[in-house]
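Have a look at the sequence and the model first.

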Amino acid sequence: MSYLDGIRFRRVVRAAARRLIEKHGHLNAINVFPVPDGDTGSNMAGTMKSIVASTSATPESSIGRMSSIVAESALMGARGNSGVILAQFLAGFSEGVKDLSRVSPRDFAEAASLAARRAVEAIAHPKEGTILTVIRDWADHLRDNCHSYKDFHHLLHDSLDRARQSVQETREKLAALKAADVVDAGGLGFVYLLEGIAEFTERGTINRRRQTDGQTDTTGAADAHDGADGDDADSATLGEAQERVAVEELTYGYCTECLIRNEAASPIDREELRVRLEELGDSIVVAGAGAVTRVHVHTDAPDTVFAIAAEYGEVSHHKAEDMLRQHRDLLAAVAAAAATADGQPQAAPAPTGTAVVTDSTCDLPRELLDRYAIRTVPLRLFLDDEEFVDKVSISADEFNRRLPASRSARTSQPAPADFRTVYEEVLRTHAQVASLHVTAMYSGTHQSAATVARMVSPHIAAVDCRTLTVGLGLVVLEAARRAQAGMDAAEVARLAARDADNLHVYVAMDTLDFAVRGGRMSRGTGMVAKLLHIKPVLCFDPRKGGKVEVAAKGIGPRRAGEKLFALLERAAAKLANPRFAVAHVGAPDTAARYAAELEARFGVAPLYVVPASPVLGCHSGPGACAVALLGDAPSDDAPAAG
């Protein structure tokens, strides 16, 4: 093969993708840097799958145009630190072959050198011993030897040896790799890509021969899994490396990513964006080509990252994953796969236990969500037709801050694909799922959850909790405690429904403008109430399916607050073991006053005080404050989990 054109380049990319996808389980098994969360192989494989899907039906014969398609699809589908770096490498390569119809080995080497430089430039603080090092060493070797290459087969086999050597050297360049006794997973993933390409140039096909001679892979350890689908690493390998470098805390908690599209005449200043993100976290990659920019950062403030990104263009493909939870889940799976009595590794155990899933209308502090490994599926929010992902691309605080100036605000249930993704993820580590959701009377969220649950597994119990905000939060918290204590999903679901019967949620409103705007109150009634300074107290009654009703009215906010506490006292008199929680829509002072009043009247401080879910703010408007009371009825046949 003396040249590459667009058609051959597409086939080369498919061959590279196949090899990496086959090996992705092993990459997960040795992934310990920058975070030991075991997902580098999945992220790189996902990036390559995106490329293959986008180019499979593209008959472009020019390598310049084909590489541009490959680069954009890589940026669109990039996942994780190594995936985004790989996408930037491909974008740099596209820049290097721009306007060319075909390339010679020498052209290829020059484009690879530019691609390596662009990959390094995308990183805020590149470190030696990562995929960047392997890419650079490989590209440097190409540049130094390209004059001697007769064809691409010669080029690839010669440079592949240098890339393999560079991967081996990563073991000594990063402390985490040395401690775990592994090479860099991203760097090895790049080598797998090259191996797929080299085999294609030798055999002219993307179908690999099975290795049957016991050959070891380039890490020096037998490949954990070399099947056609590469679903997983062997249970004896998966997690061993992560155990050696196990951590109890991380500098930053969330792997945060998004895509920015800017069609404006002036391109995005990616260097400026990268500098701004440095104040928020580390592992920063700002990759891009043309109008598309991919952002990756480890941070504790995903919503701030998304807000900054929005200043540069239209933001989509939001993601904020809890890395410490992923790490702990992986170690828990390893612990469950302990050796048998005779010391021989056993097959990966079947998942056990019950996971709890809810939606983003559930108001619980991040600390409790993390402690009980509660997964949330986000709703979509719209402010003046600008779309956000609830508590992912915009925080409750930011939403409530922007709410007063908005012309319209509304919510939309999660997409079915969002439920499917979360259910499939939690079922890898748990046998059953209790899925608890906002009242079906005002949202299609529960119906969507129940529909997807039936498609995914018979072991998912979806429950309409007939409430929202901190009311849903208290029900979900009790459910999570029961699940952690070993209760199965059916029983968790049954008791959650019973808890909803013993739940009271009252909301004191400061304005009726949003109730009028949303059509829940006539304009005339709203004007009269405003003139008289009437502040209603709403009740979300689970015994009526979660229907909202005006439970009381007060002249001014203080009187409304007194009416709210009178309602709470009457409700609490019929319940034992009262638990409270408070949420507010941009009214922290009111929430603090309510919390103090709860302790004074009932001798019980609220379990937590949080900004309310935007779904409440959309209908109540700014200044609202909600109090939830959950208690045990005398006839309850099982006490609340402690």
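Let's start with what sits over the buried residues of helix H16: the cover includes strand E7 (354-359), strand E8 (375-377), strand E12 (432-437), helix H17 (445-456) and strand E13 (460-464). Keep in mind that this is a predicted model. Helix H16 itself runs over residues 416-426, and its buried residues are Phe419, Val422, Tyr423 and Val426. If you look down the axis of H16, these buried residues fall within an arc of 100°, so they line one face of the helix.

Strand E7 leads on to the next stop. In the loop between E7 and helix H14 (366-371) you'll find Thr361. Is Thr361 buried or exposed? Its relative accessibility is 0%, so Thr361 counts as buried. The side chain of Thr361 makes a polar contact of 2.4 Å with the side chain of Asp359. Setting aside neighbours within four places in sequence, Thr361 also touches Leu379, Asp390, Val438, Leu468, Thr469, Leu472, Ser613 and Val615.

Another threonine to look up is Thr133, which belongs to helix H6 (residues 131-145). Thr133 is buried because its relative accessible area is 2%, and the cut-off for buried is under 20%. The side chain of Thr133 has a polar contact of 3.4 Å with the side chain of Glu128. A polar atom of the Thr133 side chain also lies 2.8 Å from the backbone nitrogen of Gly129. Which residues does Thr133 contact once its neighbours within four places in sequence are left aside? They are Lys127, Glu128, Ser166 and Lys173. Ser166 is 33 residues away from Thr133 along the chain, yet their C-alpha atoms are separated by 7.4 Å.

Now for the empty spaces. Rolling a probe the size of a water molecule over the atoms shows where empty space is left. How many cavities of 30 Å³ or more does a search of the whole structure find? The search turns up two.

| Space | Volume | Lining by class |
|---|---|---|
| Largest cavity | about 240 Å³ | 18 nonpolar, no polar, no charged |
| Second largest cavity | about 30 Å³ | seven nonpolar, one polar, no charged |
| Second largest pocket | about 730 Å³ | 22 nonpolar, 15 polar, seven charged |

Of the 18 residues lining the largest cavity, Phe9, Ala16, Phe89, Leu90 and Ile197 lie nearest its centre. Helix H1 (6-30), helix H2 (40-55), helix H4 (80-96) and helix H9 (185-203) each give two or more residues to that lining.

The second largest cavity is lined by Met1, Leu4, Val12, Phe108, Phe152, Leu156, Ile197 and Thr201. Two or more of these residues come from helix H7 (152-170), and likewise from H9. Ile197 turns up in the linings of both cavities.

As for the second largest pocket, 44 residues line it, and those nearest its centre are Phe33, Pro34, Val35, Ser283 and His298. The elements giving two or more residues to this pocket's lining are H2, H4, H6, H9, strand E4 (281-289) and strand E5 (292-299).

Notes
Residues numbered from 1 in each chain as written. Predicted model: local features only at pLDDT ≥ 70, side-chain atom pairs only at ≥ 80, totals over all residues. Heavy atoms only, no water. 1 Å grid on protein atoms, 1.4 Å probe; cavity = no way out; pocket = protein on both sides within 12 Å on 5 of 7 lines; lining within 4 Å. Points joined across faces, edges and corners; volume = space filled by probe spheres on them. Helix = DSSP H or I, 4+ residues; strand = E, 2+ residues; numbered from the N terminus. Nonpolar A, V, L, I, M, F, W, Y, C, P; charged D, E, K, R; others polar. Buried < 20%, exposed > 50% of the residue type's maximum accessible area, 1.4 Å probe, protein only. Contact = heavy atoms within 4.5 Å. Polar contact = N/O pair within 3.5 Å; in protein donor to acceptor, adjacent residues only side chain to side chain. Arc of directions from axis to C-beta.
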